[in-house]
Amino acid sequence: MQRLYQTLIMAKELTSREENYSQWYNDLVIKADLAENSAVRGSMVIKPYGFAIWEKMQSVLDGMFKDTGHQNAYFPLFIPKSFFSKEADHVEGFAKECAVVTHYRLKNSEDGGVVVDEDAKLEEELIVRPTSETIIWDTYRNWIQSYRDLPLLINQWANVVRWEMRTRLFLRTAEFLWQEGHTAHETKEEAIKETELILDVYGDFAEKWMGMPVLKGVKSAKERFAGAVETYCIEALMQDGKALQAGTSHFLGQNFAKAFDVKYVSKENKLEHVWATSWGVSTRLMGALVMAHSDDNGLVLPPKLAPIQVVIVPIYRKQEQLDAVTEKVDPIINALKAKGISVKFDDRDTYKPGFKFAEWELKGVPVRLAIGPRDLENGTVEVARRDTLEKEVLQMEDIEEKIAHLLEQIQENIFQKALNFRDENTFRVDSWEEFEAKIEQGGFVWAHWDGTDETEQIIKEKTKATIRLIPIDGKQEVGKCIYSGNVSEQRVVFAKAY
RNA sequence: CGGGGUAUGGCCCAGUCCGGUUAAGGCGCCUGCUUUGGGAGCAGGAGAUCGCAAGUUCGAAUCUUGCUACCCCGACCA
């Protein structure tokens, strides 16, 4: 019936996960043509194939934001330095990683190059945005006067810069692409509701589109966004047992409204500060996507986000045979396209089928069809699925129906597989010895914590594990802190993280 | 930002210790023929101011100094 066609050939091309997980990731991002390093430290070039995936993510998320009442806008890249000193926690959080523009002109140097023109020093230095709260809240002050102007629900797609010491393609780059939502509300309750709504949007996107199961919760005070009252997050588990924060949604309270003096007149004719939220996901999701599903043969993409969902490889010797195959393939392409499935017919004459198989596998195309003389004779087509590496020969009738169904199955299967992996690597522990062992092993560890920064810090120093989140609807369960033995009201999730 | 490593055609790399003809090999690329159901074979060909900049020397891929980028480990952070 079905047979596996996995070969060992790929091992020569790609480091295996077992051998060196981070090397595997680096190799994969480069070899699957997603991105490469650029001439500037920590900055990457996102290549067309990688960008196509990001564009799909953008388009889906953008639709979800609009469906929940948000509008897009664009705020500037540069932020006056003075804005940064207005919200104390925020400054402290970002000051150490800001790129600063000090001059606005170059001039020719004696050796034929260019140098900064010292005469063109800026009156006030500009910060390249690490995030846009400050410039946005400075702007909102003018936009908001009455309760009638609320809620203000804005999102922007932008690049931001955080001068990171250590960078990795997609996971942590000095410049990255993201969306940042910034909303203003009349009441605290409404703002919290918004924060939670977006967390659900992120969770749905991760699970239904990326096929990546996530835990939802709030951050501990130590892990909270600088300037937030509460940070909500989604956390996913990567195949090496490390957690990855995939999205955050912040309840900002009135911190920024107060810092930037954003007030509205209520129905009762009282002057009040507005309540705020901000939330974002970034190109880091690309890294999450790669690590969540891919294998030693290359990328495994969820059909819903794959730029190419089906690739068709013709098998032939002579031109006449290619013509005959093409004749059969054309209606299949049309039928698939009519169902909204993206198809590529790989009729390059310069590569052999075996090479093409390996290449599309590396690039994670969910379904591959191969059609050759044998199929023409039998009215069949060979169908291979990327997630399980199985292939089978199917009758050509209603092939588009079968493929559409298969794509759904693949989407479901990779989610299940990731979910099973997470279940197998989730532990409840009640002793320090067990805690250390499980953290070392990797995975999510549910354990009691006494709620103090001190304990959290010591645990981090001893085990490198951090509190990934405090579950939102976690069962209240009284216990003893894993480290201090003090009383705890619920378990929190620990893991080593990216 | 601290410690360690690396940089030689598009890619992987030999040569560097101990300076001395034309910088070797593999992959890829180009041309031709044969091939095409799991990364094809043969023949011919093109492609390198040896990361960048100074210095030492009759002579530098090789020695010295500075700079830049990348990788690994730590601190920091999404």
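**Entry 1**

I began with S12 and found two bridges joining it to strand S25 (residues 466–471), the two strands running antiparallel. I took helices (H or I, at least four residues) and strands (E, at least two) as DSSP runs numbered from the N terminus. Two strands count as paired if DSSP finds at least two bridges between them. I noted that Gly-217 has Pro-471 as its bridge partner in S25.

I then looked up the link between strand S12 (residues 215–218) and strand S13 (residues 230–237): four bridges join them, and they run antiparallel. Opposite Lys-216 I found Ile-234 in S13.

**Entry 1: basis of the entries**

I am reading a predicted model, in which local features need pLDDT of at least 70 and side-chain atom pairs count only at pLDDT 80 or more, while totals for chains, interfaces and linings use all residues. Residues are numbered from 1 along each chain as its sequence is written, chains are lettered from A and ligands numbered from 1 in the order in which they are written, and side-chain values use heavy atoms, with hydrogens and water left out.

**Entry 2: the sheets**

I traced an open sheet of eleven strands with mixed pairing, in the order S4-S10-S11-S17-S14-S13-S12-S25-S28-S24-S23. Its edge strands are strand S4 (71–72) and strand S23 (426–428), each pairing on one side only. Within this order I checked strand S14 (residues 243–253) against strand S17 (residues 275–282): they run antiparallel and are joined by five bridges. Ser-249 stands opposite Trp-279 in S17.

I also recorded an open sheet of three strands, ordered S5-S9-S6, with antiparallel pairing. Strand S5 (78–80) and strand S6 (100–103) have a single partner strand each and stand at the edges, so one side of each is left without a neighbour in the sheet. On average, neighbouring strands of this sheet are turned by 40° against each other, direction ignored. For S6 and strand S9 (residues 121–128), which run antiparallel, I noted three bridges. His-103 stands opposite Lys-121 in S9.

**Entry 3: helices lying across strands**

I found H5 lying across S10, strand S11 (175–185), S14 and S17, at about 30° to S11. Axes are lines fitted to C-alpha atoms, for helices over the stretch in contact, and angles run from 0 to 180 degrees between N-to-C directions. Helix H13 (residues 432–441) lies across S23, strand S24 (444–448) and strand S28 (491–495), running at about 160° to S24.

**Entry 4: helix pairs**

I looked up H13 with helix H14 (residues 453–463) and found their axes coming within 11 Å and crossing at roughly 55°. That makes H13 oblique to H14; angles under 35 degrees count as roughly parallel, over 145 as roughly antiparallel, 65 to 115 as roughly perpendicular and the rest as oblique. Trp-432, Phe-435, Glu-436 and Ile-439 of H13 make the contact (heavy atoms within 4.5 Å) with Ile-459, Lys-462 and Thr-463 of H14. By class, the contact of H13 with H14 has four nonpolar, one polar and two charged residues. Here Ala, Val, Leu, Ile, Met, Phe, Trp, Tyr, Cys and Pro count as nonpolar, Asp, Glu, Lys and Arg as charged, and the others, Gly among them, as polar.

Next I examined helix H3 (residues 48–67) and helix H6 (residues 188–209), which pack at an angle of about 140° with their axes 11 Å apart. H3 and H6 are therefore oblique to each other, and H3 passes H6 in a right-handed crossing. I listed Met-57, Val-60, Leu-61, Met-64 and Phe-65 in H3 as meeting Val-201, Tyr-202, Asp-204, Phe-205 and Trp-209 in H6. The contact of H3 with H6 holds nine nonpolar, no polar and one charged residue.

For helix H2 (residues 21–31) and helix H8 (residues 284–293), I noted axes coming within 11 Å and crossing at roughly 115°. H2 passes H8 in a right-handed crossing. Tyr-21, Trp-24, Tyr-25 and Leu-28 of H2 make this contact with Gly-287, Val-290 and Met-291 of H8.

**Entry 5: backbone details**

I found a cis peptide bond from Leu-150 to Pro-151, with omega near -5°. Pro-151 is placed in the loop between helix H5 (133–143) and strand S10 (152–161). Asn-269 is not a glycine, yet has a positive phi of about 60°; Asn-269 lies in the loop between strand S15 (263–265) and strand S16 (271–273).

Note on methods
A crossing is left-handed if the near helix is turned anticlockwise from the far one by less than a right angle, and right-handed if clockwise.
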